[in-house]
Amino acid sequence: MRVGAHVSIAGGVDNAVQNQIDVGGNCGQIFTHSPQVWQDPNIGDEEAEKFRVGTEKNLKGPWVIHTSYLVNLCTPKDDLREKSLDSMQKEVDAADTLDIPYVNVHLGAHTGAGVEGGLDNAASVIDDIDVPDGVTILIESDAGSGTKLGGDFEHLAGIIDRTETDIDVCIDTAHAFAAGYDLSTSVGVNETVKEFDDVVGLEHLQYIHLNDSKHECGTNKDEHAHIGEGYIGDEGMERIINHPDLADVPFALETPTEDGRSFEWNIQRVRELRHD
């Protein structure tokens with residue numbers, strides 16, 4: 001099983017490898033810089049080499065880069081579009097430098113452009129990115145609050161249909177649950193996986209953010225809980241982790257550090273829930 005966490009790159013991106021090992025992960029996610037600001041990845045040649053070698057030697061992979069929270073692909077505002085495009089270009093280039101195959105991004109909010117207009121805007125930005133060979137942009141599912149897109153599987157299918165670029169999808173279990181897809185039971189997970197396959201296609205699912213939810217299904221509230229201890233619970237999590245269509249997809253955890261527990265506890269819990 002490929003399971004890991006979103007780990008820090010403090011002190012150099014190469015430190016992410018040991019940070020992942022320390023929590024018991026064998027794949028995972030990083031930011032290349034603080035996600036709350038517009039900032040370029042600043043990755044030196046030596047640390048990039050250490051990251052690549054350390055990953056090859058110690059981890060199964062794959063890694064995924066999560067973009068800045070400020071990126072808004074759906075925006076109708078020209079200045080924000082240009083900033084988002086510039087940021088995305090630098091992230092896919094960083095992924096290429098680090099031999100990371102995926103860059104994960106939220107669609108963002110259409111802020112009045114409407115669903116169709118927002119998806120058109122997002123496709124326009126994506127198709128203006130010069131994506132290196134070996135790197136794929138993943139659109140992450142959203143909790144679906146306000147004018148944010150990505151909460152409905154139809155939005156994910158819509159952006160795939162609109163782009164000339166080959167893109168795929170990352171499903172966040174807490175987001176999907178908050179958006180109204182009931183993952184708290186085995187039956188609910190089975191139905192959700194089938195709906196995703198019917199609407200988007202499982203061939204587009206390349207990564208899963210495995211998180212429990214502190215809020216009930218359909219609340220559109222995005223707050224993550226420890227694995228099995230939120231409203232998705234043990235039954236739902238166990239089925240997600242063992243579902244035959246999901247079992248080979250890499251899992252990255254973004255669970256909280258609280259109650260004396262952090263990523264290490266949650267990764268161990270995932271392994272305990274795995275049947276093989």
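User: What's the bridge partner of A5 in β2?
Analyst: That's G28. Bear in mind that this is a predicted model.

User: How many bridges are there between β1 and β2, and is the pairing parallel or antiparallel?
Analyst: There are two bridges, and β1 pairs with β2 (residues 28–30) in the parallel sense.

User: And which strand has L253, the residue opposite A5?
Analyst: L253 sits in β12.

User: What does V3 stand opposite in β12?
Analyst: F251. Strand β1 covers residues 3–6 and β12 covers residues 251–253; three bridges join them, and the two strands run parallel.

User: OK, zooming out. What do the strands build overall?
Analyst: They build a closed barrel of eight strands. The order is β1-β2-β3-β4-β6-β8-β9-β12, and the pairing is parallel.

User: How much twist on average from one strand to the next?
Analyst: The average is 30° per step from strand to strand.

User: Switching to helices. Which strands does α9 lie across?
Analyst: Helix α9 (residues 263–273) lies across β1 and β12. Relative to β1, α9 runs at about 155°.

User: How do the axes of α8 and α9 cross?
Analyst: Helix α8 (residues 233–242) and α9 have axes that come within 9 Å and cross at roughly 75°. That angle makes α8 roughly perpendicular to α9.

User: Which residues meet there?
Analyst: From α8 you've got D234, M237, E238, I241 and N242, and they meet R269, V270 and L273 from α9.

User: How many of the residues in that contact are nonpolar, polar or charged?
Analyst: In the contact of α8 with α9, four are nonpolar, one is polar and three are charged.

User: New topic: N104. Where is it?
Analyst: N104 is in strand β4, which spans residues 102–106. And β4 is one of the barrel strands, listed between β3 and β6.

User: Is N104 buried or exposed, and why?
Analyst: Buried, because its relative accessibility is 0%.

User: Which side chain does the N104 side chain make a polar contact with?
Analyst: With the side chain of H66, at 3.4 Å.

User: What else is N104 in contact with, leaving aside neighbours within four places in sequence?
Analyst: Besides H66, the list has Q29, V64, I65, T67, L138, E140, C170 and H209.

Notes:
Residues are numbered from 1 along each chain as its sequence is written. This is a predicted model: local features need pLDDT of at least 70, side-chain atom pairs count only at pLDDT 80 or more; totals for chains, interfaces and linings use all residues. Side-chain values use heavy atoms; hydrogens and water are left out. Helices (H or I, at least four residues) and strands (E, at least two) are DSSP runs, numbered from the N terminus. Buried means under 20% relative accessible area, exposed over 50%, partly exposed in between (1.4 Å probe, protein chains only). A polar contact is a pair of N or O atoms within 3.5 Å; within protein, one must be able to donate a hydrogen and the other to accept it, and residues adjacent in sequence count only if both atoms are side-chain atoms. Contact means heavy atoms within 4.5 Å. Two strands pair if DSSP finds at least two bridges between them. Axes are lines fitted to C-alpha atoms, for helices over the stretch in contact, and angles run from 0 to 180 degrees between N-to-C directions. Angles under 35 degrees count as roughly parallel, over 145 as roughly antiparallel, 65 to 115 as roughly perpendicular and the rest as oblique. Ala, Val, Leu, Ile, Met, Phe, Trp, Tyr, Cys and Pro count as nonpolar, Asp, Glu, Lys and Arg as charged, and the others, Gly among them, as polar.
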